Amino acid sequence: MVHVSHMCCGSRLLDFQNDLLCLIDEQLCHKKQLYCLSFNTEISLLWESPKTINIHVLHEARQWIQQLEPGQGCNMLKALKHVLTIKELNSLVLIVGSCPDQSLEILSGYAQQCMLGRKLHTHVITYDCSNPASLAILKNLAEAVSGRYHCYSSKGENFDSSDFHLLLQESQKAKDLLKSIKWTFQRKTDGSLIGRITDVSTELAKTAPSNFLPKPSKHEGPLVIQTPCTLAKTSTDWLKTYGLKAKKLDLYQVLAPNAFSPVEEFVPILNKKVSSTLHEKAMMRFEWYDGTVKHIHVDLPALYSYQKLLAKMVRIYEKRIDWLSVASRRIWGSVCERRVVILVDVSVTNSMYITHIQHSLRLLLEEQMSNKDSFNIIAFGSDVVPWQLELVPSQPKNLQNAWRWVLSLKCAGSRNFMSALRRAVEVDFKDRDKHKSQGLYLLTTGIPDQETHIISAYVAEVCRGFDLQLHVCLFSVMEDIGSNGIIPPRYADPTETAVAFKEIVQAANGRFHWFGEAGIFESDDINRIVSEMEKANNYSQKCAFLVESLKQRSVDQSVNPLIPGRDSSMVMKKEKRRSQKLPSPKPTALSLARMSMKDSHGAERNASMRVLAWRPTSAKAEIPPAQTIKEWPQTENKRKHKARKQPEFSVSVFYTDKGRNVGTVYRKYPKIMCIRKSIPSVTLPKKEEICSSKEGVVKHLHFQPKELEIYTEQLEKVLQRYVERIQWLLSGSRRSFGTILEANVCILVDTSGSMDPYLPHITKELASLIWEQLRQKEVRFNLLRFAENIESWKECLVEATDKTCHDAVQWVSKLHAHGNTCILMALQKALSFQGIEALYVLTDGRPDTSCSLILKEVERLRKKQDIKIHTISFSCTDRGANEFLKKLASQTGGRYHCSFGDVDGQLAAHRMLMEGLDDDDDPVFPCFEGDDLKILTQEVSKARSFLKQAKSLRLLLQKWNTNQKDILQNAQD
């Protein structure tokens, strides 16, 4: 993909073309297939599909490059939309010379969505571009799609390359390693340097491994104690807060609202079983975690957002692993308990590694022990040597004393681990039943003297029933038995040793940590995080499979070829069962009117006039807004320009109530209507700052520009939170029903005859409500329908499980409208449910009985128990009915909700977040009837007014300060 910038002209264009020709001759000629495209405002293709590279294809590509011409614009999104549909490509080279027309969010979002489940290597190149914004956008785009980035400048400025940075990082690692080797060599040879490589290799082979172990320059100096900000957690406990399930990012949690089990029921009227069928255009078969198969409605935008959240969580898990792999956690893991005893192996086989053992204890005492309640250290070889007779508080003085004791440790004897363990349990943890959060941490290099099953049995007995765990930190070293002539009582290779300690740790309900010179070999904490990352990767792959399967099915259904080799009789049977295509309807009067308008205004407007004939489905349908004839040929982009003078006449056509008769409305605007209000200018007095307060009293103000700036920033943050909450309230099931707040609720659905126009929409939204709010919040609930009689789904409140939610959705789908509105009986029945906290009444009109009678009866019933009644209205025309619902909600402490104006509200909120919050006149939220949205929009209006006043005062203050400086300067002159 090549973008020829308008900046490339003359000699710069020739240089650009020569560089592209070199790219073809040196690199692209060795590829298998090639596809070329150039783009500016429009895109230009060399071929319709990728071509296999040969002499003729390369010749065509060279001619195409020599014919490239610069142009205006950089419509990268249009070019990406075309290229990413070509499935044969597995590598994309993007050469850009100026800033793209689209923002980074749009480009990266579209590219990421198209590349899900597809391996497409992307290489972004900025060619001779000096605009910093362009460089930043293209570099971030490459990082967003996990691609590579390269910046070329003919002047040698702003050079940047991801490949170059990787090489620099490796070079720096090599330099650090070489520096470490030289430093070790100097120390070993008393400062003498060996120049020859053979001598270096020989000396390194003779040097003990302990000399390479990291330790600070002042190894024997006092501790530099650090106080951790928070108490450390094991990965298991950490994942209870940050795991996929805790963050509600489990794939089955996300898919559950749109998952439906296959249903098979016996239909008496047909005298046979009938199975549910799959809507193949929008649903997919998906294997559930319990092995069953469910029908999934694939919501592509939701899956894309879910994929981005998974990627974010994986980055958090990577940071956690990095944190666990550095400093003292690399050796000890995360020390989480409040009362800690450290068991240190100082057997004679560790003589070469005593410095490392001491350094490991130093790191632990400095970084992780200062926030514990108490601790002790026990060294063991053949004999057991405790630092203190019992646990002591983790105070700085005690930590320093412990470190001085550690420096005096000597290695001797074998590994009598059992004696050290008994001493810690029977002395330090003798009152283990009275305390919580207690842990034993063992640092060792080999297998204990005692048999593994004996230690496991003892550990399981002393830890059972108490909050006490044993954690093992195994340091893997190369033991040279012949060098010192000492053979331990038991010997095992590192793998056998690790298996033995895993068995002991499992019996003690602890954690196992195995590390060595090369790094961490195995860690339960890290394994738990890696397992969560693999689960996220598995979920991501399943999402990609769902998306790819749905796309493939859509392609297959659009093509729908006849499969060869199939029996012709079967094809004929399907042809007979298929419904015949109906003839096209005759054009209506409205269609003819539109066609005549189209013909009269020329062929150049044909694209904008291809619209379907509109006809209201009922008398309540709204007439679309009138559109001026002169405005039809204008494109959407012109809406962004300033409003021009409107034409004098506009016309709209609509159907009348009788047959196919058409009516026309002409409107005349006598003058241009201005939407924005003029803001009166505010002037300050000459000598002091004053401002009129809310009550009309004049107040003297003293403030600084910084104070106004801080206030403005805080107000903008609050205002953004308000608008984001409005967006949240206008999304999902909250748009139709509001927010479910209580834990025990009953939903009352009006199924009277007047609800017939709304009931299909309500049943669909109720299914979303059940899964999105009731199931996720684990609300105990019941459903009740009312018309001339009442019927409840269950006789009492039930827990929101997968089974009950599926049953509730099935029950709701069978509702139909008929009869009168007997709301009083429904309220009496619902208020009688045991443990009920709130009712949610879904209705559209005035009840059949007296409104005042219902209000009095409800008040009488509520005296026994405080139950809130929330009302949801689906009719915006019956003001009397809505006033009754408002009174019923207000009287019981509930909320009133009406979904009128939700579309305009979503648009206004989106515009406000995208265009800014400065103008308090545009965009404007509609007048919401619901309590929640009404209160929020009032606060938004008030905050926008305050924001405008604050900015006005700030500008006036700046002007006043400038005038004062000018006056002072004139006086000095």
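**Overall**

I began with contacts (heavy atoms within 4.5 Å). Of the contacts in the protein with a separation of 6 or more, 74% are between residues 24 or more positions apart. I kept in mind that this is a predicted model, where local features need pLDDT of at least 70, side-chain atom pairs count only at pLDDT 80 or more, and totals for chains, interfaces and linings use all residues. Residues are numbered from 1 along each chain as its sequence is written, and side-chain values use heavy atoms, with hydrogens and water left out.

Next I looked up the secondary structure, which is taken as DSSP runs numbered from the N terminus (helices are H or I with at least four residues, strands are E with at least two). The protein has 29 helices and 32 strands. I also checked burial: under 20% relative accessible area is buried, over 50% is exposed, and in between is partly exposed (1.4 Å probe, protein chains only). Of the 973 residues, 41% are buried.

**Aromatic rings**

How many aromatic pairs are there? My rule was that rings of Phe, Tyr and Trp (its six-membered ring) pair if their centres lie within 6.5 Å; planes under 30 degrees apart are stacked, over 60 edge-to-face, and the rest tilted. The count comes to 13 aromatic pairs.

I picked out Tyr252 and Tyr539, an edge-to-face pair with 6.2 Å between centres and 85 degrees between planes. Tyr252 sits in helix H9 (residues 251–255) and Tyr539 in helix H18 (residues 524–559), so I noted a link between distant parts of the chain, 287 residues apart. Both Tyr252 and Tyr539 are buried.

Then I went to Phe737 and Phe874, which are edge-to-face at 6.2 Å centre to centre, with 70 degrees between the planes. Phe737 is in helix H22 (residues 734–737) and Phe874 is in the loop between strand S31 (868–873) and helix H27 (879–891), so this pair ties together parts that are 137 residues apart in sequence. Phe737 is buried, and Phe874 is too.

I stayed in H22 for Ser736. Ser736 counts as buried because its relative accessibility is 1%. Apart from neighbours within four places in sequence, Ser736 contacts His761, Glu765, Ile872, Phe874, His897 and Ser899.

I also found a cluster of Phe16, Tyr127 and Tyr152, linked by ring pairs.

For charges over rings, I needed NZ of Lys or CZ of Arg within 6 Å of the ring centre and within 35 degrees of the ring normal. Lys294 lies over the face of Trp288, 5.5 Å from the ring centre.

**Two buried loop residues**

Ser370 is in the loop between helix H12 (354–367) and strand S16 (374–380). With 18% relative accessibility, Ser370 counts as buried. A polar atom of the Ser370 side chain lies 2.7 Å from the backbone oxygen of Gln226. Leaving out residues up to four places away in sequence, Ser370 touches Ile225, Gln226, Thr227, Pro228, Ser394 and Leu399.

Trp793 is in the loop between strand S29 (790–792) and helix H24 (802–813). Is Trp793 buried or exposed? At 11% relative accessibility, Trp793 counts as buried. Its contacts, not counting residues up to four places away in sequence, include Phe781, Leu783, Asp807 and Trp811. Trp793 and Asp807 are 14 residues apart in sequence, and their C-alpha atoms are 9.3 Å apart.

**A helix pair**

I fitted axes as lines to C-alpha atoms, for helices over the stretch in contact, with angles from 0 to 180 degrees between N-to-C directions. The axes of H14 (residues 417–428) and H15 (residues 452–463) come within 11 Å and cross at roughly 5 degrees. H14 is therefore roughly parallel to H15 (under 35 degrees is roughly parallel, over 145 roughly antiparallel, 65 to 115 roughly perpendicular, the rest oblique). Phe417, Leu421 and Val425 are among the H14 residues at this meeting, and Ile455, Tyr458 and Val462 are among those from H15.

**Positive phi**

Most residues other than glycine have a negative phi. Ser146 has a positive phi, near 55 degrees, and is in the loop between helix H5 (132–144) and strand S8 (148–152). Ser146 counts as exposed at 71% relative accessibility. Asn509 also has a positive phi, near 60 degrees. Asn509 lies in the loop between helix H17 (494–508) and strand S21 (512–516), and is exposed with a relative accessible area of 61%.

Conventions. A polar contact is a pair of N or O atoms within 3.5 Å; within protein, one must be able to donate a hydrogen and the other to accept it, and residues adjacent in sequence count only if both atoms are side-chain atoms.
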